[in-house]
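Please consider the sequence and structure shown below. The report that accompanies them is arranged by chain.

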Amino acid sequence: MARIGVFVCHCGENISATVECDKVAQAAAGFPGVVHSIDYKYMCSDPGQNMIREAIREKNLTGVVVASCSPRMHEPTFRQACSEAGLNPFLCEMANLREHCSWVHEKGEATTKKAIDLVRMMVEKVKRNQPLYPIRVPVTKTALVVGGGIAGIQAALDIANGGNKVIMVEREPSIGGHMSQLSETFPTLDCSQCILTPRMVEVAQHPNITLYTYAELIGLDGFIGNFKAKIRKKAKSVDEKICTGCALCTTKCPQKKIPSEFNEGLGKRTAIYVPFPQAVPNKPVIDKDHCTYYKTGKCKICEKVCPAQAIRFDQPDEIVEVAVGAVVIATGFTIHQTGFFPEYGYGRYPDVLTGLQFERLASASGPTLGEIRRPSDGKIPETIVFISCAGSRDPAKGIEYCSKICCMYIAKHAMLYQHKVHHGKSYVFYMDIRAGGKMYEEFVRRAITEDQVNYVRGRVSKIYERDGKLIVKGVDTLMGAEAVEIEADMVVLATAGIANPGAEELAQTLHVSYDGHHFFSEAHPKLRPVETNTAGIFLAGACQALKDIPESVAQASGAAGKVNILFSKSELTREPLIAVVNRSAPPEYSTCVGCFLCQPACPYQAIEKEEIKDRSGKVIKTVARVNPGLCQGCGTCVAFCRSKSIDIQGYTHEQVLAEVMAVLEND
Amino acid sequence: MENKIFEPKIVAFVCNWCTYAGADLTGTSRIKYAPNVKIVRFPCTGRIDFMLLLKAFGEGADGIIVSGCHPNDCHYTSGNFHARRRWISFRSLLDFLGIDTGRITFSWVSAAEGAKWAALVNDTVSRIKELGPYTDYEKVARYYEEEVNHE
Amino acid sequence: MNEYQTIAAGLLSSGTAAMVIGYSEGSAKRVRPVFFTRPEEASTLVFDSRCVQNIAVYLTKKEIRTEGKIAIIASLPVMRSIIQLASEHQLSEEKIIVIGITPSGEVKQFNGFDALDAYVSSTTIEIEARYREKIEQVEKMTLTERWNFWKNELSACFKCYACRAACPMCYCTRCTVEMNQPQWIPVPSHTLGNFEWHIMRAMHLAGRCVDCNACAEACPLGIPFNLLTKQMILQFKKDFGGYNPSLKGLNILSSYLPDDKENFIQ
Amino acid sequence: MNIGFYPGCSMQGSSPEYNESVQAICSALGISLIEVSDWNCCGATAAHNLNRELSLALPARILAHAAADGLEEVLVPCAACYNRLKMVQHEIGADRKLQDSISEILDEPYQGNARILSILDFLERDVEPLLAEKIMKPLKQKIACYYGCLLVRPQNILDAKRHEDPQSMDHIMQLLGAEAIDWAFKTECCGAGLSVSKTGVVAELSGRILDDAAHRGAKAIIVACPMCHSNLDMRRKAIEQHRNKDFDLPVMYITQAIGLALGIDPVKLGLKRHFVPVNLEL
């Protein structure tokens with residue numbers, strides 16, 4: 001006979017404010033099979049957990065229902081408590097009285113009644129639970145880091161320094177990401193490249209790190225501890241092992257007018273190129289889309305001038321497959337280009353720039369060697385306008401969120417401008433100044449007070465060009481909503497940060513979830529900010545949400561910590577919530593008739609054929625078998641099996657049907 | 001009892017990763033909705049057996065919600081695609097049998113769509129309220145006996 | 001002896017086949033299935049429009065298994081059933097010889113599944129006009145009328161499971177109706193349980209039914225539940241481009257397209 | 001295909017030259033327009049501010065008549081009429097209840113599925129492809145294309161391309177041999193909403209438009225809206241007084257410009273009806 005204990009939690013007042021917890025406990029006491037039913041203020045507290053442990057021991061419980069918050073929150077807590085009292089953890093279930101009841105309904109009879117129904121449902125389920133035992137799987141102690149920006153670099157170094165192997169995949173010819181493009185960093189104004197490049201070099205030289213640049217992740221199969229990643233190494237057309245990085249080829253390449261990605265289109269590069277002087281690896285690649293030889297079949301100048309004879313025009317793309325135990329996604333972000341903004345001229349005014357373009361102008365390694373000059377005529381702008389929230393926080397533009405980094409970098413830009421153009425006038429149009437962070441508010445104040453940057457609270461409705469000037473029409477809401485018109489020489493738009501193109505596709509490749517803006521979703525917004533919903537895949541940096549450098553680094557280190565914890569054991573235990581094909585006594589052996597129509601329905605190729613043989617080795621029957629290492633427990637096969645020969649542990653036919661029956665019982 | 005307002009009984013079959021989490025978010029966001037709906041958790045919409053829907057109606061459910069991850073967002077890659085095919089065919093079969101498919105709401109609700117979950121529940125509840133209690137299906141358990149008694 | 005009789009006799013006398021399954025004259029001007037092993041019995045074989053029972057159903061029966069090959073007189077629906085069963089790993093190629101008789105009366109012997117598959121794939125399942133009309137008639141009813149129509153029809157069912165026994169696709173050793181933990185389908189034959197049984201049967205035949213109509217022929221009460229599978233075949237044509245038994249294709253419900261179209265998911 | 005034609009009041013009242021030029025180029029290019037039978041006011045001026053039902057019913061009746069005439073498309077040259085018809089189609093089309101109540105008012109079922117063409121939709125699709133061969137007198141002038149607000153806003157409902165910097169008139173003018181200047185006032189407000197009540201505002205707003213066009217060397221302004229035309233043309237004296245500056249800048253409808261390039265007699269294009277004389281070197 002079942003001996004079920006029910007533990008109703010008040011969650012302070014989170015549940016008890018709308019649900020009469022004592023009534024729920026009383027009602028549950030009357031359910032068949034329930035031998036113990038109490039309510040308590042905080043079931044998850046130590047005394048609360050002790051109540052569960054004691055009840056299991058004293059009343060010899062065969063199942064436990066904790067009626068409290070979402071199982072996505074505290075299921076591990078309560079299962080652990082049960083386990084400590086000697087009850088198999090999978091004989092503990094949770095009724096979600098908080099997220100699914102008390103928080104979403106008004107106080108009243110109906111709400112308490114629903115709570116009782118939810119408890120009844122879980123009591124009926126837990127009566128049918130079976131003790132389950134974790135599945136042990138080996139762990140491959142190599143991590144895959146996707147993306148070589150500052151987040152990826154930090155994660156890779158931390159994992160590698162923890163003694164584990166790392167494979168880093170970077171799409172561009174060099175690692176470094178957006179941070180390598182920045183001039184100075186807020187709030188210290190130290191040089192971005194000066195602090196980044198040593199890290200880049202460390203990645204390249206680290207014995208535990210294998211670096212694949214100019215490469216993309218194209219497939220990921222498997223599961224935590226046992227992934228198989230497929231990487232496409234795009235042909236660089238240069239033999240990296242021979243190339244000395246002398247860069248003679250890049251000086252001789254006849255294609256010299258290709259807009260440089262690194263310089264955000266403000267400078268030019270050649271077809272065989274190194275994206276920037278401090279690139280890692282510092283070896284050129286041929287951009288096939290622009291190379292004269294690949295386009296016309298003639299040229300090969302680079303091949304002629306290469307002293308090491310390292311050019312390989314016939315080099316193919318290479319697909320490598322690697323076994324990894326964990327993945328860190330650190331693919332970063334991108335920004336809207338000026339063409340996104342109709343009211344700011346659809347990108348047709350050369351002196352209307354994005355924030356990243358301004359970074360390149362301000363950078364000593366940039367196209368103007370750090371002098372702020374107009375792309376149109378090379379003149380030093382006397383008046384400059386910065387516009388924050390260009391696209392961000394603007395539902396009409398489809399971006400409701402705050403891009404978070406712009407307030408700070410705009411203050412930095414304005415400061416850098418004032419430091420370089422002493423007599424210049426700078427204006428910042430803003431909605432709010434969001435400067436939360438260590439020394440951040442002080443930094444913005446410095447821009448306003450010391451560097452005399454004019455902050456105007458209001459939006460800019462239009463920018464147009466007239467006689468070589470950019471007319472910026474806006475409003476100053478702090479000056480009686482006065483219309484403001486500024487004749488500027490340059491305008492910098494703090495355009496919204498957005499997910500990388502292809503982020504959605506990558507998420508689908510990796511089976512991780514993503515939000516409506518294609519940023520990858522963390523497993524819990526507060527408590528699991530570096531994990532994804534897919535075990536073994538972690539997030540670092542701006543691919544999850546816009547964040548600045550210190551936050552990206554912190555999250556990357558967090559992700560690396562998680563990976564190192566995972567790698568600290570050679571075996572991993574997995575929840576046994578997987579599908580199982582039944583087995584029975586001879587002569588049937590299983591009710592499975594071996595039609596194998598379940599095979600194509602399985603997303604993990606986890607269904608195998610098992611031959612049942614007699615003693616002489618003759619095959620009597622071929623039936624399906626679920627490989628417990630591959631099965632992820634989706635249960636698609638279970639719903640598909642006509643003879644109901646497959647069941648899924650934790651969500652068995654008996655359990656779910658009992659839940660449905662219980663929820664509709666006696667009204 | 002006769003003058004009591006009809007409060008429909010609705011069972012929701014949802015997947016753990018998207019809609020269950022989405023409904024959690026509804027809670028975390030304190031968005032209110034009608035208490036008529038009770039959620040049964042499944043690992044994936046792919047796990048939801050069509051028989052369960054029949055059992056729910058047979059047991060007196062007035063309405064059913066089936067919800068999971070949006071296409072391409074399935075935690076298990078394709079469980080929801082399989083489920084979608086299953087629902088396309090099951091739904092047309094039910095309709096052909098004269099079973100009101102208007103009592104079943106099929107939906108995709110992601111883990112980020114707490115507000116959508118609340119709206120979905122409220123819409124379903126008000127639609128089922130308009131339709132009234134669903135006794136046809138439940139009653140056929142007794143249909144033959146009634147026929148016999150009638151004669 | 002006619003062509004198929006000669007082939008059957010030849011297969012037995014040469015020892016190529018150990019048994020022949022076909023039809024012979026039964027009582028009251030009906031045909032009955034026949035299983036024989038001696039060549040001289042081949043002359044009792046008949047094949048005409050009365051041969052509507054789908055004898056592919058016997059191919060998966062334990063009792064029928066022999067040491068040697070089985071030759072089967074196969075109408076087009078029987079041939080479709082064989083391919084469908086083969087695609088579900090229920091038949092092995094080495095065990096079966098198909099003496100096919102096409103709708104036009106041509107006799108074709110198939111020794112391997114590939115040739116049979118090619119032939120079956122060259123045909124398509126078409127729902128007969130009289131059934132299409134009936135389906136349209138039901139579809140045109142209001143929801144309540146449809147419900148009452150089926151309630152009346154299905155209330156008659158007393159769960160003899162002749163439909164299941166007649167269907168070659170119902171070869172499970174333990175049918176879900178016989179499952180009692182949990183009890184999916186109630187044992188008594190009340191109308192609700194009958195609904196559940198027939199809905200389940202239709203869903204289990206989704207994408208597998210070869211439209212042989214043997215189930216309806218077997219029903220002692222003439223309940224038109226075959227309309228359910230027939231309507232489904234028509235609907236699948238609209239929704240997923242239809243299906244044909246094949247060794248290569250995937251079952252409709254165990255496969256999908258990312259851009260499957262529907263208009264009801266909110 | 002039959003293209004329906006809804007003239008509205010301006011084409012017959014304040015802006016006959018617009019109508020004349022539309023008709024003239026259509027007949028020159030062999031395009032026939034079928035006037036919607038028994039049409040009524042679109043309600044653009046007063047109705048949509050004062051009475052919502054009336055504001056919906058008036059355009060709905062026009063659309064119903066077009067449907068009854070078997071017209072799948074209706075050309076609506078007046079920008080205000082076009083805007084009203086599109087807005088009403090959008091509003092009623094999305095709302096079943098509204099459809100029912102409008103049907104009740106009209107005393108016939110609402111049928112509003114005709115495709116509503118603005119003059120620019122029409123010119124771009126049906127006239128532009130025919131032009132290259134027919135141009136007799138290329139307009140070798142710098143001009144400014146002024147679109148105003150009604151043809152582009154609300155952009156999501158009108159589905160206007162590049163609503164802050166539309167291009168369709170510019171393309172046509174370039175085809176005619178003119179140089180269309182890049183300027184910033186293409187869709188700025190001319191003040192038409194206050195054209196009668198506060199002429200001072202019109203003088204200021206329309207003045208800025210003229211000023212920028214003149215400053216960038218335009219020799220004429222090309223418009224596609226009777227309201228824009230009357231403000232820039234009829235109110236010219238007031239503008240010049242207000243800004244204390246004279247503008248030698250005639251205002252032409254795009255259809256008149258096309259007519260000139262096709263070699264049609266300026267009188268037939270209504271070019272003699274303007275307040276600011278059009279004396280372009282052609």
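## Basis of the report

The structure is a predicted model. Every value below is computed from that predicted model.

## A parallel sheet in chain A

Chain A contains an open sheet of five strands, arranged in the order E10-E7-E6-E18-E29, with parallel pairing. At its edges are strand E10 (209–212) and strand E29 (537–539) of chain A, each of which pairs on one side only. On average, neighbouring strands of the sheet are turned by 20 degrees against each other, direction ignored.

Strand E18 (residues 326–329) of chain A pairs with E29(A) in the parallel sense, over three bridges. Within E29(A), Ile537(A) stands opposite Val327(A).

## A helix across the sheet

## A covered helix in chain A

Helix H11 (residues 355–362) of chain A is mostly covered, with eight of its eight residues buried. The buried residues of H11(A) include Leu356(A), Phe358(A), Leu361(A) and Ala362(A). Also buried in H11(A) are Gly355(A), Gln357(A), Glu359(A) and Arg360(A).

The partners against which the buried residues of H11(A) pack are both strands and a helix of chain A: strand E19 (333–335), strand E20 (352–354), helix H12 (406–420) and strand E27 (490–495).

Chain D has 13 helices and eight strands. Of the 282 residues in chain D, 48% are buried. Among contacts in chain D between residues at least 6 apart in sequence, 79% join residues at least 24 apart.

## A helix pair in chain D

Helix H7 (residues 119–134) and helix H9 (residues 168–175) of chain D have axes that come within 10 Å and cross at roughly 20 degrees. Angles under 35 degrees count as roughly parallel, and H7(D) and H9(D) are therefore roughly parallel to each other. The crossing in which H7(D) passes H9(D) is left-handed.

On the H7(D) side, the contact is formed by Leu120(D), Leu123(D), Glu124(D), Glu128(D), Leu131(D) and Ala132(D). These residues meet Ser168(D), Met169(D), Ile172(D) and Leu175(D) in H9(D). By residue class, the contact of H7(D) with H9(D) comprises seven nonpolar, one polar and two charged residues.

Technical notes. Residues numbered from 1 in each chain as written. Chains lettered and ligands numbered in written order. Predicted model: local features only at pLDDT ≥ 70, side-chain atom pairs only at ≥ 80, totals over all residues. Axes fitted to C-alpha atoms, helices over the stretch in contact; angles between N-to-C directions. Helix = DSSP H or I, 4+ residues; strand = E, 2+ residues; numbered from the N terminus. Parallel < 35°, antiparallel > 145°, perpendicular 65-115°, else oblique. Left-handed = near helix turned anticlockwise from the far one by under 90°. Contact = placed C-beta atoms within 7 Å. Nonpolar A, V, L, I, M, F, W, Y, C, P; charged D, E, K, R; others polar. Buried ≥ 20, exposed ≤ 12 C-beta atoms within 10 Å, placed from the backbone. Pairing = 2+ DSSP bridges.
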